[in-house]
Amino acid sequence: MSSETPAAVRAAYFAFDRFPSSKGSAVHIGHMAAELFARFDGGLLGVLGGGPLPRYQREAGGIEIARFGEQIPNFLDRAEAFSRWVAAHVEPHRETLRICHVRDPWSALPVVALPGRRYRVVYEVNGLPSVELAHTRPSVTPATLAKIADLERLCLEGADAVVVPSRVIAGALSRRGVPETKVHLVPNGADVPAAASRPDGAPERYLVYVGALQPWQGVDVLLRAFARLADLTDLRLVICSSVPERRARPLHRLAERLGVADRLLWRFTLPHAEVAGWLAGAAISVAPLTACARNLDQGCAPLKILESMAAGVLVVASDLPAVREIMTDREHGRLVAPDRPAELARVLRVLLEYPDAARAMGERGRQRILADLTWPASRARLSAVYDSLTSPVVRR
């Protein structure tokens, strides 16, 4: 651990995620960690680094950021090394820490398992690696996934409070035996931007997709639907991907096969502030999530939908339980059956023919965000969780 790290830290937030980055997870980490550190006049943020990001830095308000920078190719080996790194950063502050907020089992295990800990642990579950890795890393064996599920169970049992962004995820944890009294719903939020200027080079009329490119995001479904709109010769599809271009190669090949490659506009790893302009200028924002276990059994809480609604753009999204927590069909946007390109294309075509109705739904979506789903509202809910954990606790 860096010798520059202060001797006393009362709050810590650990996440096996790169920060900052163009991904939605980084936006979430920024808001949640800020709420924790505002409560304790600073604290320690432990995250992944790499590239030009410094291993250690001091920020205003007494915030220290430490970054794990070991380049370990194997995902699980890197996760285990990160756990050891977290343990090393917690140990010097075990007597002063009051709350430690963790975002994944690799961060949680060393925090909940520290003998004699006196601090409280908030375990934030945005996803379960035992479910997600089956989709992102098919080479991971069922036996390994079962071990990860056991690790998740230990962390959930050891945490003092569990924070989830959707009722669907809360239900998944309930089925795993987590008491309902321990689980707290803190929905994701969005900033409602001022009027954004049209990005340079933006097409006159376009659909937009914002987010990562994992299989569960359904970008392939969107490409197949877009191919069915070939007669709308002025229409373009803009894909604002939060990941590097190399991860889009399979989708580039699919676009070529479908004959739509020349009608696509790709933007990779855009700074988050620039995404708002692409959303605001779009005719429709599409979130074609698939009906896989990751989205159905575990659940999701897609920031792309919230941020699109906040920008006042009409959203067309897959009709999944977690999405229905955010938006209502025909009121804030349109919900379509997942994994059905023909149906998605039909709905998009109708909405493009009736732009006034689309704009009205987009405005109602923006009002929905303003009413209940802003980041300040989410942070207030998180603050209430911290309030519930302020009394001292002594662990064996």
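Mentor: Gladly, and let's start with a side chain. Arginine 366 has a relative accessibility of 24% and counts as partly exposed. Keep in mind that this is a predicted model.

Trainee: Why is arginine 366 called partly exposed?

Mentor: Buried needs a value under 20% and exposed a value over 50%. Arginine 366 is at 24%, so the label is partly exposed. Glutamate 363, at 34%, is partly exposed because its value also lies between those cut-offs.

Trainee: What makes arginine 366 and glutamate 363 a salt bridge?

Mentor: The rule asks for a side-chain nitrogen of Lys or Arg within 4 Å of a carboxyl oxygen of Asp or Glu. Here the N to O distance is 3.1 Å, so the pair qualifies. Both residues sit in helix α14, three residues apart, which is about one turn of the helix. Salt bridges with shared partners also make one network out of Asp17, Arg103 and Glu124.

Trainee: How do you know that aspartate 319 and arginine 324 form a salt bridge?

Mentor: Their closest N and O atoms are 2.6 Å apart, and the limit is 4 Å, so this pair is a salt bridge too. As for accessibility, aspartate 319 has 33% and is partly exposed; arginine 324 has 45% and is partly exposed as well.

Trainee: Which parts of the chain does the pair of arginine 349 and aspartate 231 link?

Mentor: First the pair itself: the closest N and O atoms of arginine 349 and aspartate 231 are 2.9 Å apart, which makes it a salt bridge under the 4 Å rule. The pair links distant parts of the chain, with arginine 349 in helix α13 and aspartate 231 in the loop between α7 and β10, 118 residues apart. Arginine 349 is partly exposed, at 26%. By the same rule, the count for the model comes to 20 salt bridges.

Trainee: And the aromatic rings, how many pairs are there?

Mentor: The search of the whole structure gives nine aromatic pairs. One of them joins phenylalanine 16 and tryptophan 106, with 6.5 Å between centres and 70° between planes.

Trainee: What makes phenylalanine 82 and tryptophan 85 a stacked pair?

Mentor: Stacked means planes under 30 degrees apart, and theirs are 25° apart, with centres 5.5 Å from each other. Both lie in helix α2, three residues apart. Phenylalanine 82, at 0%, is buried; tryptophan 85, at 15%, is buried because that value is under 20%. Ring pairs gather Phe16, Phe68, Phe75, Phe82, Trp85 and Trp106 into a cluster.

Trainee: Last one: what lines the second largest pocket?

Mentor: The lining has 18 residues, with Ala282, Ala283, Ile284, Pro355 and Arg359 nearest the centre. Helix α14 gives the largest share, four residues. By class, the lining has 12 nonpolar, three polar and three charged residues. The space in this pocket is about 320 Å³.

Methods
Residues are numbered from 1 along each chain as its sequence is written. This is a predicted model: local features need pLDDT of at least 70, side-chain atom pairs count only at pLDDT 80 or more; totals for chains, interfaces and linings use all residues. Side-chain values use heavy atoms; hydrogens and water are left out. On a 1 Å grid over the protein atoms alone, a cavity is a set of points where a 1.4 Å probe fits but cannot get out, and a pocket is an open set with protein on both sides within 12 Å along at least five of seven lines; lining residues have an atom within 4 Å of a point. Grid points are joined across faces, edges and corners, and a volume is the space filled by probe spheres set on the points. Helices (H or I, at least four residues) and strands (E, at least two) are DSSP runs, numbered from the N terminus. Ala, Val, Leu, Ile, Met, Phe, Trp, Tyr, Cys and Pro count as nonpolar, Asp, Glu, Lys and Arg as charged, and the others, Gly among them, as polar. Buried means under 20% relative accessible area, exposed over 50%, partly exposed in between (1.4 Å probe, protein chains only). Rings of Phe, Tyr and Trp (its six-membered ring) pair if their centres lie within 6.5 Å; planes under 30 degrees apart count as stacked, over 60 as edge-to-face and the rest as tilted.
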